[in-house]
Number of protein chains: 2
Amino acid sequence: MIKKEKYSAAILVIGDEILSGRTQDTNSNFIAKEMEIIGIDTSQIRVIPDEKNTIIESVNELRVKNDYLFTTGGIGPTHDDITADSIAEAFRVDLEINLEAYETLKKYYEKIGSEFNDIRQRMARIPKGATLIENSISAAPGFKIENVFVFAGIPKIMKAMLSNSIKHLNKGKLIHSISVKIDAVEGDIAKLLKSLNDENENIKIGSYPFFNSKNDFGVNVVIKSIDKEFLILAEEKLKNYLSKNSFNYK
Amino acid sequence: MIKKEKYSAAILVIGDEILSGRTQDTNSNFIAKEMEIIGIDTSQIRVIPDEKNTIIESVNELRVKNDYLFTTGGIGPTHDDITADSIAEAFRVDLEINLEAYETLKKYYEKIGSEFNDIRQRMARIPKGATLIENSISAAPGFKIENVFVFAGIPKIMKAMLSNSIKHLNKGKLIHSISVKIDAVEGDIAKLLKSLNDENENIKIGSYPFFNSKNDFGVNVVIKSIDKEFLILAEEKLKNYLSKNSFNYK
């Protein structure tokens with residue numbers, strides 16, 4: 001991969017339990033934050049059911065459109081864990097018993113005194129050509145195939161796998177940001193934000209109103225730039241305007 | 001729309017702040033739960049940036065593939081609020097000042113003693129042919145155009161708009177479910193779950209391991225069916241097996 005300024009990633013969350021609302025997905029937020037830190041733009045987060053064709057289609061769409069694709073979920077031992085099968089099909093490679101994964105799992109189950117039965121051996125099935133990603137929590141590995149990183153869905157295990165994957169990623173230019181919390185409604189500052197945003201293409205301004213109760217509302221304004229100088233200039237202009245127009249902010 | 005047993009919905013979350021990890025999206029989880037209650041299957045949740053072409057493409061893909069599409073975010077007054085513009089383009093209709101929305105906003109700003117300036121008037125711009133969705137919190141309405149429901153991103157306002165939209169939705173057959181929390185690891189019960197799942201096509205079994213610390217792990221097994229009888233039978237079989245094999249559950 002040629003060194004670029006910006007890299008993009010997509011996150012594919014695989015799991016019926018998220019779509020039914022039973023489980024609140026927090027994995028994508030965690031991954032997105034980690035990407036932000038290393039200058040990788042998350043371009044899309046997609047949650048899909050445990051359905052083979054849907055997984056294959058989404059993987060093949062998102063891996064082509066992005067520098068990286070992270071998937072979470074569906075790599076356990078049960079009948080609804082079909083991520084590894086689907087990824088193998090997406091890449092048109094065989095799903096085979098990976099000897100390294102097999103040995104790791106065998107040792108783990110010996111150590112904890114559980115049977116390494118045929119169901120558990122399913123977790124050693126890895127698409128041909130993939131590299132294992134260590135799972136320091138419960139042994140069953142994730143894997144990386146080309147630009148696709150396949151993680152477990154359990155947050156603790158996902159985090160361990162992500163942390164073991166960062167070394168494989170190209171880092172983009174860091175994005176600096178400042179955040180100003182303003183006692184105003186958006187309509188009062190929208191014009192200023194637009195002109196600030198329009199007059200400088202090196203910054204990007206986001207405006208995030210919050211509205212928690214009658215007495216607690218306002219706007220968080222976030223200014224981002226890969227260049228600190230532009231950020232400082234924009235922040236100064238914003239704060240001057242706010243002071244002149246008697247808005248409280250912090 | 002012809003009355004069917006099952007309806008599907010997609011949720012499109014529009015907002016850079018979710019993709020940067022700054023904000024944890026909770027809207028999609030809330031909507032998914034509400035859909036589950038009225039028998040509508042959430043087929044996909046997708047988070048995309050505040051980019052017009054991306055919004056147009058996703059809206060046009062998801063509205064065709066699903067009975068309903070809900071969008072959240074991007075309908076405020078600031079420069080990064082481009083959802084209404086994008087939806088109008090997606091449907092190839094004009095974005096025009098909606099008189100009803102205009103009057104509602106005008107009255108609201110009079111009442112709270114704020115100026116109804118040209119920036120705020122932006123929020124009265126609604127795609128031609130759309131029906132307004134009332135915003136009982138801060139006046140600026142959402143809207144419904146064909147099978148697409150356009151909601152605000154602020155959770156409190158989104159919830160008010162969703163609640164005002166439920167009447168427009170066809171309800172599917174209710175899904176019944178039971179959940180059993182088992183002191184086991186997935187590998188110990190995976191075979192049973194598979195055979196239970198395979199022998200009855202009227203139920204769907206999900207297996208969700210949790211792993212919070214060394215002393216707190218297990219599996220939540222969720223069995224779903226639109227037919228209560230099959231559910232009860234499957235639950236009995238599962239619990240008999242668990243008892244016979246000395247697994248604790250509740």
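Two residues are in contact if their C-beta atoms, placed from the backbone, lie within 7 Å. By that criterion, the contact between the two chains of this predicted model takes 48 residues from chain A and 48 residues from chain B. On the side of chain A that touches chain B, at least two residues each come from α1 (16-19), α2, β2 (40-48), α6 (118-121), α7, α8 (186-199) and β10 (204-213). Sorted by class, the residues of this side of chain A are 18 nonpolar, 18 polar and 12 charged.

The predictor's scores come next. For the complex, the predictor gives an ipTM of 0.91 and a pTM of 0.92. Within chain A the pLDDT averages 92, and 97% of the residues score at least 70. Where pLDDT is low, the predicted coordinates should not be read in detail.

How are the two copies arranged? Two copies of a chain are related by a rotation about an axis and a shift along it. Here a rotation of 180° with 0.0 Å of shift along its axis places chain A on chain B, with an RMSD of 0.0 Å. The two copies are therefore related as by a two-fold rotation axis. Both copies use the same surface, since 100% of the contact residues of chain A recur in chain B. The residue of chain A that comes closest to the rotation axis is Arg46(A), whose C-alpha lies at 2.2 Å.

Two of the elements named above, α2 and α7, also pack against each other inside chain A. Two packed helices are described by the angle between their axes and the distance between the axes. The axes of α2(A) (residues 27-37) and α7(A) (residues 155-163) come within 10 Å and cross at roughly 20°. Angles under 35 degrees count as roughly parallel, so α2(A) and α7(A) are roughly parallel to each other. The crossing of α2(A) past α7(A) is right-handed. From α2(A), Asn27(A), Phe30(A), Ile31(A) and Glu34(A) meet Pro155(A), Met158(A), Lys159(A) and Leu162(A) of α7(A). Five of the residues in this contact are nonpolar, one is polar and two are charged.

Helix α3(B) (residues 52-65) and helix α4(B) (residues 83-91) pack at an angle of about 50°, their axes 9 Å apart. That angle makes α3(B) oblique to α4(B). α3(B) passes α4(B) in a right-handed crossing. Lys52(B), Ile55(B), Ile56(B), Val59(B) and Asn60(B) form the α3(B) side of the contact, and Thr83(B), Asp85(B), Ser86(B), Ile87(B), Glu89(B) and Ala90(B) form the α4(B) side. By class, the contact of α3(B) with α4(B) comprises five nonpolar, three polar and three charged residues.

How values were computed
Residues are numbered from 1 along each chain as its sequence is written. Chains are lettered from A and ligands numbered from 1 in the order in which they are written. This is a predicted model: local features need pLDDT of at least 70, side-chain atom pairs count only at pLDDT 80 or more; totals for chains, interfaces and linings use all residues. pLDDT is the predictor's confidence in each residue, from 0 to 100. Axes are lines fitted to C-alpha atoms, for helices over the stretch in contact, and angles run from 0 to 180 degrees between N-to-C directions. Helices (H or I, at least four residues) and strands (E, at least two) are DSSP runs, numbered from the N terminus. Angles under 35 degrees count as roughly parallel, over 145 as roughly antiparallel, 65 to 115 as roughly perpendicular and the rest as oblique. A crossing is left-handed if the near helix is turned anticlockwise from the far one by less than a right angle, and right-handed if clockwise. Ala, Val, Leu, Ile, Met, Phe, Trp, Tyr, Cys and Pro count as nonpolar, Asp, Glu, Lys and Arg as charged, and the others, Gly among them, as polar. Copies are superposed by least squares on the C-alpha atoms of residues with pLDDT of at least 70 in both.
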